[in-house]
Amino acid sequence: MTTAPIAAPPRSQVETVIQSFSDAAEKDQDIYPQIYTAYFRRCPGSDELMAHTDHRMRGRMMEEVLMLLMADELSHHEGYLRFETKTHEGYGVKPMMYENLLLAVRDTVRELLGTDWGEVYESAWEGRIAFLGQNIFSALSDNEAKAMGGSSQPSTPPGDSWPT
Ligand code: HEM
């Protein structure tokens, strides 16, 4: 069973988010460690869950998170989201941890941009986090429905969305 499709937000929203990442990149700072610091600060229990991970694994995870935030067509990544949310459930990741992670990415970009951050960025990020959050929760619900139907296998991610 799959849930109803989620209406796509305006294209300008994702373009604005991409622009904010591009502005942040110009600050020439290593953004990933800053995101994890912000994330662990705002999300109780997340640092314990990730204590065994090294910077390479954290880097690979953050690449995927940023890919999802900047993906033009999130519908192409439904299978990947179902796969990762199923796998992450096994790691002990709680649903609210996803939103905290996305908010930590936003906070870090906002902090890096300083006075260059404005209302346009604020509202594009708000919309993007809500949209990605809806898709993550839809994936979690699909996994739960599948588990109740007797299958506990994670879905196979489609080739074009599988992390390389
Ligand atoms: C949409 C959001 C997320 C995506 C796309 C994502 C993606 C990934 C990927 C691709 C890896 C594997 C890295 C590798 O070894 O190559 C990973 C590992 C991991 N992620 Fe995430 N992640 C997300 C959210 C989270 C959240 C919210 C947590 C909460 C703390 C979390 C905790 C972990 C942990 C603990 C591992 C290591 C698992 C292991 O021991 O193998 N992730 N994630």
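In what order do the elements of the protein chain run from the N terminus on? They run α-α-α-α-α-α-α.

**Figure 1. Overview of the protein chain.** The model is predicted. The protein chain has 7 helices and 0 strands. Of its 164 residues, 22% count as buried.

**Figure 2. Close-up of the packing of helix α1 with helix α7.** Helix α1 covers residues 11–25, and helix α7 covers residues 119–148. Two packed helices are described by the angle between their axes and the distance between the axes. For α1 and α7 the angle is about 115 degrees, and the axes are 9 Å apart. The crossing of α1 past α7 is left-handed. From α1, the contact uses Gln-13, Val-14, Thr-16, Val-17 and Ser-20. From α7, it uses Val-120, Tyr-121, Ala-124, Trp-125, Gly-127 and Arg-128. By type, the residues of this contact are 6 nonpolar, 4 polar and 1 charged.

**Figure 3. Close-up of the largest nonpolar core.** This core has 24 residues. Ile-35, Tyr-39, Leu-101, Ala-104 and Val-105 have the most contacts inside it. At least two core residues come from each of α1, α2 (31–42), α5 (78–91), α6 (95–113) and α7. Helix α6 gives the largest share, 7 residues. Leaving aside residues up to four places away in sequence, Tyr-39 touches Ser-46, Asn-100, Leu-101 and Ala-104.

**Figure 4. Close-up of Arg-42 and its contacts.** Arg-42 lies in helix α2. Is Arg-42 buried or partly exposed? Arg-42 counts as partly exposed, because it has 13 C-beta neighbours inside 10 Å. Beyond residues up to four places away in sequence, Arg-42 touches Asn-100, Leu-103 and Ala-104. Arg-42 and Ala-104 are 62 residues apart in sequence, yet their C-alpha atoms are 7.5 Å apart in space.

Figure 5. What span should the 14 residues of α5 have at 1.5 Å a residue? They should span 20 Å, and the end C-alpha atoms are 20 Å apart, so the two values agree. The buried residues of α5 are Glu-78, Tyr-80, Leu-81, Arg-82, Phe-83, Glu-84, Thr-85 and Lys-86. These buried residues pack against α7. Just after α5, Gly-92 takes a positive phi of about 95 degrees.

Figure 6. Is Asp-28 buried or exposed? Asp-28 counts as exposed, because it has 7 C-beta neighbours inside 10 Å, and the cut-off for exposed is 12 or fewer.

Figure 7. Ala-71 has 18 other C-beta atoms within 10 Å, so it is partly exposed. A residue needs 20 or more to be buried. Ala-71 and Glu-15 are 56 residues apart in sequence. In space they are 9.5 Å apart, C-alpha to C-alpha.

Conventions:
Residues are numbered from 1 along each chain as its sequence is written. This is a predicted model: local features need pLDDT of at least 70, side-chain atom pairs count only at pLDDT 80 or more; totals for chains, interfaces and linings use all residues. Axes are lines fitted to C-alpha atoms, for helices over the stretch in contact, and angles run from 0 to 180 degrees between N-to-C directions. Helices (H or I, at least four residues) and strands (E, at least two) are DSSP runs, numbered from the N terminus. A crossing is left-handed if the near helix is turned anticlockwise from the far one by less than a right angle, and right-handed if clockwise. Two residues are in contact if their C-beta atoms, placed from the backbone, lie within 7 Å. Ala, Val, Leu, Ile, Met, Phe, Trp, Tyr, Cys and Pro count as nonpolar, Asp, Glu, Lys and Arg as charged, and the others, Gly among them, as polar. A nonpolar core is a set of buried Ala, Val, Leu, Ile, Met, Phe, Trp, Tyr and Cys residues joined through C-beta atoms within 7 Å. The expected span of a helix is 1.5 Å times one less than its number of residues.
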